[in-house]
Amino acid sequence: MTQSQPSLTPPPPPPPLSLAEIAALVGGRVTGDATVAVSAPAVLDSRYGEPGGLFVAMAGERVDGHDYAGRTRATAVLGSRPTPLPTVVVDDVPAALQILAAHAVTRLREALTVVAVTGSQGKTSTKDLLSVVLSGAGPTVATHGSYNNELGVPLTMLRAHARTRFLALEMGARHLGDIAHLTGLVAPDIAVVLNVGQAHIGEFGSRAAIARTKGELVRGLAPGGTAVLNADDPRVTAMRALTDGPVLTFGRTGHADVRVQDLVLDRLGRATFTLRASGTSARVALPLVGAHQALNAAAAAAAGLAAGIPLVTSAVALSTASLSGRRMERRALACGATLIDDSYNANPDATRAALDTLAAIAGRRRIAVLGAMLELGADSEAEHRAVGEYAAARADLVAVVGETARPVADAAGERAVPLTDNRAATAWLRETLTGGDVVLVKASRGARLDEVAAALG
């Protein structure tokens with residue numbers, strides 16, 4: 001059930017592409033010097049362009065990237081109209097970016113193992129843990145943050161180079177077919193499916209539709225590729241039928257190939273546990289907050305096994321892991337309270353996991369600051385109420401921010417503190433928090449509770 005390890009001797013690097021070659025690939029035309037060569041990564045933000053790199057200029061509703069081409073350090077531009085820099089002009093910039101990325105990875109494919117991760121929650125954390133596991137075995141390029149869409153995936157692909165041995169890609173979706181499109185750009189050698197939850201259920205309509213979408217990752221495996229599936233989620237284990245290739249499972253259930261056992265949390269909510277697989281066991285002390293991170297770590301370790309990395313090696317790497325920002329990020333505040341900043345995004349399942357973690361952390365008072373969970377469709381009010389009841393059983397105070405989240409406050413009863421907006425939430429927290437308190441901040445990205453967490457220091 002393992003992929004063969006790539007050779008440690010790197011092939012000669014592919015030559016840089018000239019703008020003329022890029023234009024021929026993507027069906028564009030060059031304005032400016034067509035002999036200019038691109039040898040560095042592509043970026044969407046002009047501030048991060050570097051010499052030899054490509055600035056991808058997008059014309060949005062409020063900001064037109066072409067207007068910033070003259071300010072970037074990048075050497076050339078991919079855009080929909082000419083700029084002051086040498087530019088490949090195309091009708092469809094995202095499509096051209098994807099074609100370029102697929103070509104770039106094809107040139108590296110012989111020595112590259114591609115690992116892709118999807119799921120309704122935990123994708124970014126698992127990708128971060130996976131990156132730590134893979135990096136110990138060879139040079140690894142992984143998705144920055146959660147750049148997991150039709151732009152983020154090709155940008156990550158374009159960061160791979162001749163020395164890269166592992167490409168760890170987070171793949172997200174808002175519609176049926178999104179992940180199939182991404183696997184059409186690069187077919188993964190290892191496909192990790194974490195769970196089928198309620199994230200974006202308002203877009204998909206049902207969990208069955210979400211399962212079909214996540215299953216696209218398994219269907220998109222490269223020939224002989226390995227599916228790594230959550231044994232604790234029946235909708236995920238059913239994806240075994242979508243591949244004729246090898247399957248590895250992970251979970252807490254006894255029949256999982258990689259099992260989490262003997263899980264305990266310390267007073268700060270950090271998980272220590274044993275991973276077992278094929279008669280081998282290894283103890284992991286995650287420096288991360290939350291019992292749910294143990295399952296994410298098991299997924300990363302299972303993917304590591306599929307890539308030929310021993311379980312014990314993965315366990316050592318996982319014990320040094322860190323996560324992308326605003327994902328159960330623990331900070332000490334000047335007032336003596338502890339902040340758990342999980343403000344990046346939220347759905348009902350992820351919010352309950354965060355509340356479980358809050359309840360497990362030792363503190364004088366446990367305070368949950370919750371905002372709206374978006375894209376829940378017709379179930380929105382019921383799901384917010386259910387989270388409110390859950391929060392009331394695990395927190396001393398439940399601060400609820402915004403009118404959309406009001407059903408959380410209604411269900412939390414006497415523990416609820418309704419707050420009109422982020423400014424009111426920040427003011428209330430500054431007045432309320434004292435030494436020994438533990439405060440969790442959690443909401444969908446659109447609620448912008450990251451502003452509240454940042455304001456607290």
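**Exercise 1.** Determine which handedness the crossing of α3 and α9 has in this predicted model, and describe the geometry and the residues behind the packing.

*Solution.* The crossing of α3 and α9 is right-handed. As a next step, take the axes: those of helix α3 (residues 123-135) and helix α9 (residues 293-306) come within 9 Å and cross at roughly 45 degrees. The two helices are therefore oblique to each other. Turning to the residues, Ser125, Thr126, Leu129, Leu130 and Val133 on the α3 side meet Gln293, Asn296, Ala297, Ala299, Ala300, Ala303 and Gly304 on the α9 side. Sorted by class, this contact has 7 nonpolar and 5 polar residues, with no charged residues.

**Exercise 2.** Work out how many residues of α3 are buried, and which elements those residues pack against.

*Solution.* Begin with the helix itself, which has 13 residues and reaches 18 Å from its first C-alpha to its last, close to the 18 Å expected at 1.5 Å a residue. Of the 13 residues of α3, 11 are buried, so the helix is largely enclosed by the rest of the structure; among them are Lys123, Lys127 and Asp128. The buried residues of α3 pack against β8, β9, β10 and β16, and also against α9 and α10.

**Exercise 3.** Decide whether alanine 391 is buried or exposed, and list its contacts beyond its neighbours within four places in sequence.

*Solution.* Alanine 391 lies in helix α12 (residues 380-392). Its relative accessibility is 0%, and because buried means under 20%, alanine 391 counts as buried. With the neighbours within four places in sequence left aside, alanine 391 is in contact with Leu355, Leu370 and Val398.

Technical notes: Residues are numbered from 1 along each chain as its sequence is written. This is a predicted model: local features need pLDDT of at least 70, side-chain atom pairs count only at pLDDT 80 or more; totals for chains, interfaces and linings use all residues. Side-chain values use heavy atoms; hydrogens and water are left out. Axes are lines fitted to C-alpha atoms, for helices over the stretch in contact, and angles run from 0 to 180 degrees between N-to-C directions. Helices (H or I, at least four residues) and strands (E, at least two) are DSSP runs, numbered from the N terminus. Angles under 35 degrees count as roughly parallel, over 145 as roughly antiparallel, 65 to 115 as roughly perpendicular and the rest as oblique. A crossing is left-handed if the near helix is turned anticlockwise from the far one by less than a right angle, and right-handed if clockwise. Contact means heavy atoms within 4.5 Å. Ala, Val, Leu, Ile, Met, Phe, Trp, Tyr, Cys and Pro count as nonpolar, Asp, Glu, Lys and Arg as charged, and the others, Gly among them, as polar. The expected span of a helix is 1.5 Å times one less than its number of residues. Buried means under 20% relative accessible area, exposed over 50%, partly exposed in between (1.4 Å probe, protein chains only).
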